[in-house]
Amino acid sequence: MKKSLLALPFAFAACVAPVHAEPTDLGAGFSLSGNAAVVSDYRFRGYSQTNFRPAVQVGFDLAHSSGFYLGNWNSNVSDFVFTDGNLEMDFYGGWKGDVGGGLGLDVGVLHYYYPGSSSPKGGNYNNTDLYLGLSYANYSLKYSYTPGDFFSAPDTKGTWYLDGTATFDLGDGWGLVGHLGYQKLKNQVNMDGDDIGHYVDYKLGVTKDLKGWVVGLAAVGANKDNWLPTKNGHPSGRLGAVFSVSRAF
């Protein structure tokens, strides 16, 4: 598989421990919050975006008391995965709130952008997803749909992803997080040139809150790990341990 065919950039990386902090009140119902993380490997949907190397990630969210929000999230990526590009910038907006009975709804649009990269279709890599999320207590379920070509890969319209996450408070600042996702692909081949129409990714990890600094360690991978290669030819979806340090502000 050619390195330029497709890449998987992924905000809300499944390897980072959840972080929370009181947002800054801006008045008129608006609030601002941020988050930052350092991870030993930027994974999303099981696949490394940094050739198994570290990443620094920063995000900001502007929210209104009505439930509407806008946000931006950024991370370094590998220029092998995203030809000539080394930065991912995500922009998103939507609405979230309680719809009754403790059920939370989150609906919005997310745009991925890679300045300076060179995609197979010409111009920069980019992608737009529409998403719908549900949450209840410590469980969440999210569906993402790509109405256009998936990350600038030709003839991939209609790709979608469904994932579920659960978090558990173990007490004394310790937490447990589990994640399972199903990625539906269109017109894709693996490193051996064989068709790959779908795969399942997974994560199981523990976290520890140290006075606002959240340290995490997780096992992350995909059942079909050879969809995308790394610079040295290793399957980028292979099982691996990911260490993270994150903080909300």
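Since the model is predicted, local features need pLDDT of at least 70 and side-chain atom pairs count only at pLDDT 80 or more, while totals for chains, interfaces and linings use all residues. Residues are numbered from 1 along each chain as its sequence is written, and side-chain values use heavy atoms, with hydrogens and water left out.

Let me begin with the charged pairs. Side chains of opposite charge can pair when their charged atoms come close. The structure holds four salt bridges, a salt bridge being a side-chain nitrogen of Lys or Arg within 4 Å of a carboxyl oxygen of Asp or Glu. One of them joins the side chains of arginine 43 and aspartate 41, with 2.8 Å from N to O, and both arginine 43 and aspartate 41 are buried, where buried means under 20% relative accessible area, exposed means over 50%, and partly exposed lies in between, with a 1.4 Å probe and protein chains only.

Another salt bridge is formed by arginine 45 and aspartate 129, whose closest N and O atoms are 3.7 Å apart. Arginine 45 sits in the loop between strand S3 (43-44) and strand S4 (47-48), and aspartate 129 in strand S9 (residues 126-136), so this pair ties together parts that are 84 residues apart in sequence. When I speak of strands, I mean DSSP runs of E with at least two residues, numbered from the N terminus. Arginine 45 and aspartate 129 are both buried.

A further salt bridge brings together the side chains of aspartate 172 and lysine 208, at 3.9 Å from N to O. This pair links distant parts of the chain, 36 residues apart, with aspartate 172 in the loop between strand S11 (160-171) and strand S12 (174-184) and lysine 208 in strand S13 (residues 198-210).

Staying with lysine 208 for a moment, its C-alpha atom is 9.6 Å in space from that of glycine 171, although the two residues are 37 apart in sequence. Glycine 171 lies in strand S11 and counts as partly exposed, at 27% relative accessibility.

Glutamine 57, in strand S5 (residues 55-64), is buried, with a relative accessible area of 2%. What does the side chain of glutamine 57 make a polar contact with? The partner is the side chain of serine 75, at 3.3 Å. A polar contact here is a pair of N or O atoms within 3.5 Å; within protein, one must be able to donate a hydrogen and the other to accept it, and residues adjacent in sequence count only if both atoms are side-chain atoms.

Next comes a pocket. The lining of the second largest pocket includes Thr50, Phe52, Arg53, Asp79 and Lys231, and its residues divide into two nonpolar, six polar and three charged. By pocket I mean, on a 1 Å grid over the protein atoms alone, an open set of points where a 1.4 Å probe fits, with protein on both sides within 12 Å along at least five of seven lines, and lining residues have an atom within 4 Å of a point.

I will finish with two backbone angles. Most residues other than glycine have a negative phi. Alanine 28, however, has a positive phi of about 60 degrees; alanine 28 lies in the loop between strand S1 (24-27) and strand S2 (30-39) and is exposed, with a relative accessible area of 72%. Serine 152 also has a positive phi, near 65 degrees, and its place is in the loop between S10 and S11. Is serine 152 buried or exposed? Serine 152 is buried, with a relative accessible area of 6%.

Methods: Ala, Val, Leu, Ile, Met, Phe, Trp, Tyr, Cys and Pro count as nonpolar, Asp, Glu, Lys and Arg as charged, and the others, Gly among them, as polar. Helices (H or I, at least four residues) and strands (E, at least two) are DSSP runs, numbered from the N terminus.
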